[in-house]
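Subject: The structure, with some notes

Hi there,

Here is the structure I promised to pass on.

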Amino acid sequence: MGTNVEQQSFTVVENGTIVTPGGFTAGGLHCGLKKTSRNDIGAIRCDVPATAAAVYTTNVFQAAPLKVTRESLSNGRLQAVIVNSGNANACTGQQGEEDAYAMRSAAARELGVAEEDVAVASTGVIGELLKMDAVHSGITGLPVHMGKESNEAEQFSQAILTTDLVKKEACVSVIVNGKTVTIAGAAKGSGMIHPNMATMLAFMTSDAVIGAEALQRLLRQATNHTFNMITVDGDTSTNDILVAMSSGYAGNEELTTEHPDWDAFAAGFTYVCQVLAKAIARDGEGATKLVEVEVTGAVSDESAQAIAKTVIGSSLVKSAMFGADANWGRIIAALGRAGQPVNPDTVDIRLGEISVLAQSRPVVFDEEAALAYLQTDTVRIVVDLHHGEGIATAWGCDLTYDYVRINAAYRT
């Protein structure tokens, strides 16, 4: 499965949102968890119990909402997700767990669903107890703010943001058994972003008929090639979660890996994940550009992934990208410490279409042209190892003065 998804068997739905797939409503509002007036609590609801799957942070310290969501998802089904921003409810002990369960209970009551069918997600400052009076007020007010229109989806997308500058959304349609199946997603993420899995909250909806096991398998596979291939700063948070729900409203024959339209559905699903992942990388705290690292010629796809992640995560490479400095030495140094098989005599490196290294030997290149290219808002670094058939792509951003400024005063 390639890292870059070619749009062949699906159609991008312009202006599609998390509520475009049949059976879903969403909404959000400001309840007082944030010091600003930005939305800070939101929900997604399915008209019926939906097939569901999730992946979670690999951080040893996992926030209370993740425990609650794992419990709710034990039967492979969800009907609603309640999410807040402004407070991570992480490292908050027994009280934090009780608060997460209270969020689940209140959301179930107000949204009219079974308590065990509600997932909980939180993001924001670590180590502070939730203001539960504000949370309960927000949950009580949510139902009248929820609907199937783009405005309500917009309010949900805004409710999950923290330091993000922009919302992240994607939507596609796929033909399955002659029926139109829609897949959509919304995400937040800007800082504390690093692979396995990238620090973020992300939610996907679909109206496909699909079993929980197949959805979980596809979610893990897609995550491995998308969300696990982005980095902003090398930090993995306590609250990462990606939840997928599928209503079955499209009425197709159940999708399995043996279904003739499985590949088309998987491609569309992965594309949505890729769009969201790249949007998170582009919106990295303080970032001025998206940086893409493509590695080819590795001994395996897994080896290519490890090398691409190492290069995209290098502070020196990221700093060079901010300064528009065509310092390929930082790139080759990063790939050389990735712990993967590399022939030191056969490496090619390009910045866009500008060759700077061929067979591990410097190439004379136009410095002014390289400067102009590196000053654009999307920079592509291409590495060919000439050592095998493995290929992978990772995404990140430059490291700027603003990143330090934002994170030096995150709590204040």
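Let me begin with the overall picture. This is a predicted model, and its chain has 11 helices and 15 strands. The radius of gyration is 21 Å, close to the 22 Å that the globule rule gives for 412 residues, so the chain is as compact as a globular protein of that length. Along the principal axes, the C-alpha atoms fill a box of roughly 65 × 55 × 35 Å. Of the 412 residues, 57% are buried. If you count the contacts with a separation of 6 or more, 81% of them come from residues 24 or more positions apart.

Two packed helices are described by the angle between their axes and the distance between the axes. For helix H7 (residues 301-313) and helix H9 (residues 328-336), the axes come within 8 Å and cross at roughly 135 degrees. The crossing of H7 past H9 is right-handed. On the H7 side, the contact is made by Ile307, Thr310 and Val311, and on the H9 side by Ile331, Ala334 and Leu335. Sorted by class, that contact has 5 nonpolar residues, 1 polar residue and no charged ones.

Finally, two backbone spots to check in your viewer. Most residues other than glycine have a negative phi. Cysteine 91, though, has a positive phi, near 55 degrees. You will find cysteine 91 in the loop between strand E4 (77-87) and helix H2 (93-111). Is cysteine 91 buried or exposed? Its relative accessible area is 53%, and the cut-off for exposed is over 50%, so cysteine 91 is exposed.

Alanine 324 also has a positive phi, near 55 degrees, and is a residue other than glycine. Its place is in the loop between helix H8 (315-322) and H9, the latter being the helix that crosses H7. With a relative accessibility of 9%, alanine 324 counts as buried, since buried means under 20%.

To look at these places yourself, you could start with Ile307 and Ile331, which are among the residues in the contact of H7 with H9, and then go to the loop between H8 and H9 for alanine 324.

Happy browsing, and do write back with any questions!

Best wishes

Methods:
Residues numbered from 1 in each chain as written. Predicted model: local features only at pLDDT ≥ 70, side-chain atom pairs only at ≥ 80, totals over all residues. Heavy atoms only, no water. Axes fitted to C-alpha atoms, helices over the stretch in contact; angles between N-to-C directions. Helix = DSSP H or I, 4+ residues; strand = E, 2+ residues; numbered from the N terminus. Left-handed = near helix turned anticlockwise from the far one by under 90°. Contact = heavy atoms within 4.5 Å. Nonpolar A, V, L, I, M, F, W, Y, C, P; charged D, E, K, R; others polar. Buried < 20%, exposed > 50% of the residue type's maximum accessible area, 1.4 Å probe, protein only. Rg over C-alpha atoms; globule rule 2.2 N^0.38 Å.
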